[in-house]
There are 2 protein chains.
Amino acid sequence: MGPAFPQSEYADRLARTRRRMAEAGLDLLLVSAPDNMNYLCGYDAWSFYVPQVLVVPAADEEPVWIGRGMDSVSTRITTYLSDASILSYADDYVENPAKHPMAHVAQVLKERGWDGGRIGYEGDAYFFAARWLEVLRGNLPEAEFVDAYLLVNWVRTVKSDAEIEVMRQAARIVEHTMWVAIDAVQVGRRQCDAAARISYAQIEGTPAFGGDSPANPPSILSGENSATPHAAWTDEPFLPDTATCLELSGCRRRYHAAMSRTVYLGKPPPQMLDVAKATGEGLEAALETVKPGVVCEDVDAAWKQTIARYGLEKPSRIGYSIGVNYPPNWADHTASLRPGDKTVLEPNMTFHLMLGMWMHGWGFEMSETFRVTETGAESLTRFPRQLFVKD
Amino acid sequence: MGPAFPQSEYADRLARTRRRMAEAGLDLLLVSAPDNMNYLCGYDAWSFYVPQVLVVPAADEEPVWIGRGMDSVSTRITTYLSDASILSYADDYVENPAKHPMAHVAQVLKERGWDGGRIGYEGDAYFFAARWLEVLRGNLPEAEFVDAYLLVNWVRTVKSDAEIEVMRQAARIVEHTMWVAIDAVQVGRRQCDAAARISYAQIEGTPAFGGDSPANPPSILSGENSATPHAAWTDEPFLPDTATCLELSGCRRRYHAAMSRTVYLGKPPPQMLDVAKATGEGLEAALETVKPGVVCEDVDAAWKQTIARYGLEKPSRIGYSIGVNYPPNWADHTASLRPGDKTVLEPNMTFHLMLGMWMHGWGFEMSETFRVTETGAESLTRFPRQLFVKD
C-alpha cells in the first residue's frame, strides 16, 4: 500500500522539520503524536493506545520507528521506512508496571549512540505522558531533554498542494454528510439514529473515495445539549420547536474538513433568526479579512465588530488550524483565530472557522473550513450558509 | 439528564477510591483520564482534547471539576456535582503557549488550601502530558507529587451489577453489529462501505437503547491488512479467497463489550481451518479455567496448552480487563491475561478474551467479552464461535 503521499513530500517535510530542529539546537527529536508520526513517515494504525515513537535524528539519517511488535507490520505497509529502521518492543511491555516501553526506547538510543546531546520531546502532546519523560530521563542521564511540543505541528501548519487536494476530498465527504444529517434530523427520531446515518455517510464517502474514521465523532447537539458544545448524542427523540447543532467532518487519509450547520424543527424564535443572521454576516466579514500577511487576531476582530452590531459577543476563539489528525481532536494545535494570536497568514494555511454561539439554554453553529489563497480565502466546504428550518 | 447511575453507585466508587488513596497516603488525587472522570462523577463530554481534571480530596468533601468554561454546562448536565464544585478556566488558556490550564488548576488548589501534602496524579494516562506535571510542580512547590496511575482503574476493575447491566446492553449491540458486519463483507464491495454499515449498526444500537461512539473504531482487517492488528480500513474492495478479521464493539453509556470474528470469502485453506479449530478449542479451554480465585496467567496457560497441541503459539497477551472508556482504547489497563499476571479473578471482573492470531501474511481472530461469575465465566457476547465462510 505504502504511504499516502510521494516520497518527495516526506523528504520535504523532514527537511523542514530538521531546519526547526537546528534552530532549537536539537540533536534528536522523539515524535510520539500519531498525527506527527503520520505526517513525517506515513505511519497509520490505531496503535497509539500503546507507547510508540518516531526518532528523528538531526543528521541526514532515516528516522527510526519504535513501537509494539505486532504493529511493525503496519509500519512496513504504510511507511517508506526500511526494515532496519523498524524496531519494536516485546508484548509484555504493554501495560506492565514492571517495565516501560520508554526504557526500551532509551536502550535503542544508547545502541545507536543517540543517548547524549539535546533530545526534543512533545511535552504537551496527547500521547506523551508524564511518566514517559521520567523513564527516559532516568535511563539516559547524559541527555538533555528539551520540550519541543508543536515543533512538527508548526511545520505542518502550511499545507502542500497535495495535502490541500486530500482536504478537498474530505470537504466533498462532509458536504455529502451534512445533507444526510439535515435530512436525518426529524421530530420523533432518536438522536442515535440520526448519528448512525451521519456516521454512515462520513465513512461511505463518495463513489470515488471513501472516508476514514474522523478524529472527532459527529457532534449532534439537540434540546438542552445545544447549549453545550461537546455533549454526546442521546437516545432521546428530536423534539418539535428545538434547534439541533451539527458539527461534522469528512476525514480522508486522516485529513479533515469540518463544517457546522444548525437545523430548527418548527418555526424558529426571532432571537435565533437574529443570531443566525449576525453569525452569517460575521462569517462573511471574517473570510473577507483573510489574506496573506494578515494576522490571526485581525480575522477575529472583523467577526467581533460585525456581531457587536447585533449586541452579540463570543468569549471563545472562532477558529483554529486544521489538517491531519487522530482522536481526540482534528486541530493542528498551532494558530488560533482569537485576540492576541499574531500568527501571520500564509497561502495554504487551512482553518476551521467555527462560529459556535452557545447561548443560555440553546445554541447556534455555523462553520467552514477555509484555505488561505494568494489573495484571500477559499472555502473548501461549499454549502448553503443558513439556518435550516424544517417545519 | 444527570449521570448514568444512581447516586449511591458514585458514593461507593468514591469511597473505594478514598480507601486506596489512604493506602497510598494521598491527600488529594488529580483525575484526568476521561474514563476515570466519568467513573467517579458521571462527566461525559468530548472535551478531553483540552486539559480538565476532577480533584478528589481525601477528606469527605465533594470532588471539584476544573475544565474549559464552555464545557461546564456539560458538567451541570451529566454529573451530580453542585455548582460550587464546577470551576473553569477562560478560553484563552486553550492551546496558548503563554498560559497553561494546569497553572489555573494550581491556583484553585491554593485557594482551597489543597496546595500542600501528597498529591496523586495519573502519570501514564493518555491525558496527563509531561508538561502538565512540570507546570503543577512549578506552581505548587509545597506539594509532593506522587504517581498514582491506575489507582482509579483498579477500583473500577470489579464492576457493579449496574455496570454489568450496561455492559449486557453493549453486548446486545455488538451481537447485532457483528451480524451486519458478516453480511457486509462481500467480494467487490469497498471496505469503507462495509465500515459504514458497521458503524451504523453500532450507533443505531437496538430499538430499546442506542449506541455511543466506541473508544476504538471498527477494525476491519482484510487482505494484506489481516496480518496486522491495528490497520485502518481502505477503499479497496474485498477480494475473493481472502480472510477478513472483524474486531468490533458495542458501546453503551461509554461501557464496551467487544467481540471478534473472521469471515472467509471463498473456500478457506486447510491451514486457516486448523487455526480456527485450535483457536475455538483454546477459547473454550480459557473460559473453562475462569473462576474466582484463579489468577490471570492460569487462563493464558490453559489457552497455550491447547493451541500448542496444534503446533501454534501466540506471543501477545490473550485478553485484558474491559469497561468504561473513551478513545483511543476500551481497556481498563489493569489486569491482562498473560504469563506473569498474578491478578486474582473476582466475581464481576470483565475481560475481553482476544484471540488474534497474526500469522505471516494473514490472520484469524475470535474473541468474547466475559464476566467472572461466582463459579466460572459467563460470556456476555453470544454469537456462533466459528469461521464464517462465504463461498
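This is a predicted model: local features need pLDDT of at least 70, side-chain atom pairs count only at pLDDT 80 or more; totals for chains, interfaces and linings use all residues.
Residues are numbered from 1 along each chain as its sequence is written, and chains are lettered from A and ligands numbered from 1 in the order in which they are written.

### Exercise 1

Describe the contact of domain 1 of chain A with domain 2 of chain A.

**Solution**

- Count the residues. Domain 1 of chain A gives eleven, and domain 2 of chain A gives nine. Contact requires C-beta atoms, placed from the backbone, within 7 Å.
- Find the helices on the domain 1 side. α2 (34-41) and α6 (151-155) of chain A each supply at least two residues. Helices are DSSP runs of H or I with at least four residues, strands are runs of E with at least two, and both are numbered from the N terminus.
- Pick the main supplier. α2(A) provides the largest share of that side, four residues.
- Sort by type. The domain 1 side has six nonpolar, two polar and three charged residues. Nonpolar covers Ala, Val, Leu, Ile, Met, Phe, Trp, Tyr, Cys and Pro; charged covers Asp, Glu, Lys and Arg; the others, Gly among them, are polar.

### Exercise 2

**Solution**

- Check burial. Eleven of the eleven residues of β9(B) are buried, so the strand is largely enclosed by the rest of the structure. Buried means 20 or more other C-beta atoms within 10 Å of the residue's own, exposed means 12 or fewer, and partly exposed lies in between; C-beta atoms are placed from the backbone.
- Check both faces. B:Met259 and B:Arg261 are among those pointing one way, B:Ser260 and B:Thr262 among those pointing the other.
- Take β8 (residues 242-252) of chain B. It pairs antiparallel with β9(B) over eleven bridges. Pairing needs at least two DSSP bridges. B:Glu247 has B:Ser260 as its bridge partner.
- Inspect the turn. Two residues separate β8(B) and β9(B) in a hairpin, and B:Arg253 there has a positive phi of about 50 degrees.
- Take β15 (residues 388-390) of chain B. It runs parallel to β9(B), joined by three bridges. B:Tyr264 stands opposite B:Val389.

### Exercise 3

Why does B:Glu134 count as partly exposed?

**Solution**

- Locate B:Glu134. It sits in helix α5 (residues 130-139) of chain B.
- Count neighbours. B:Glu134 is partly exposed because it has 17 C-beta neighbours inside 10 Å.

Key:
Two residues are in contact if their C-beta atoms, placed from the backbone, lie within 7 Å.
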